[in-house]
Amino acid sequence: MGTGGITFNAHVVSDKWHHKHVPSVADDSVLQRDIEELLSRWGGLQMAVKNQWGGHDSLKKSQELAHHLFHLFSQSNVITVEEIENLLHESLLLSFNTEIEDGSIEEVAEQLMILHEEHLRGSH
């Protein structure tokens with residue numbers, strides 16, 4: 001990979017996928033699974049994992065990101081999309097030495113925000 005990280009173009013999920021896979025949920029295990037599934041479809045993160053840009057434990061680091069997002073959503077009802085974007089950006093930079101500048105961080109953050117909002121609606 002090189003020491004400077006990498007920038008590339010990787011799109012995330014289609015609207016069709018979103019509407020098919022993002023029901024209202026009240027069950028935390030469903031939210032956890034949906035977060036993991038969304039991240040598993042994020043080309044940028046998956047490229048970093050596959051190429052072990054985070055070292056031999058790259059898969060574990062991606063799982064920790066999913067867990068961190070789940071924990072964030074579980075702890076607070078008030079989260080901004082900017083907070084999610086910052087968390088994703090920091091995680092990729094610190095864990096994988098990778099910067100993604102193709103708009104996919106923002107797209108993933110928006111999809112995660114929708115998952116969070118659907119979870120909140122389902123649990124009330």
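A crossing is left-handed if the near helix is turned anticlockwise from the far one by less than a right angle, and right-handed if clockwise. With that noted, I opened the model.

**Ground rules.** I am reading a predicted model, where local features need pLDDT of at least 70, side-chain atom pairs count only at pLDDT 80 or more, and totals for chains, interfaces and linings use all residues. Residues are numbered from 1 along each chain as its sequence is written, and side-chain values use heavy atoms, without hydrogens and water.

**α2 and α6.** I looked up helix α2 (residues 28-40) against helix α6 (residues 104-122) and found an angle of about 170°, with the axes 11 Å apart. The pair is therefore roughly antiparallel (over 145 degrees). α2 passes α6 in a right-handed crossing. For contacts (heavy atoms within 4.5 Å), I noted Leu31, Ile35 and Leu38 among the α2 residues, and Leu112 and Leu115 among those of α6. This contact divides into 7 nonpolar, 2 polar and 2 charged residues.

**α2 and α4.** Next I checked α2 with α4: the axes come within 9 Å and cross at roughly 135°. I log these two helices as oblique, a class that takes the angles left over from under 35, over 145 and 65 to 115 degrees. Their crossing is right-handed.

**Serine 62.** Is serine 62 buried or exposed? Serine 62 is buried (under 20% relative accessible area), at 9%. I placed serine 62 in helix α4 (residues 58-75). Its side chain reaches the backbone oxygen of leucine 59 at 2.8 Å. Serine 62 also touches Leu39, Leu45, Val49 and Phe96, leaving aside residues up to four places away in sequence.

Methods. Axes fitted to C-alpha atoms, helices over the stretch in contact; angles between N-to-C directions. Helix = DSSP H or I, 4+ residues; strand = E, 2+ residues; numbered from the N terminus. Nonpolar A, V, L, I, M, F, W, Y, C, P; charged D, E, K, R; others polar. Buried < 20%, exposed > 50% of the residue type's maximum accessible area, 1.4 Å probe, protein only. Polar contact = N/O pair within 3.5 Å; in protein donor to acceptor, adjacent residues only side chain to side chain.
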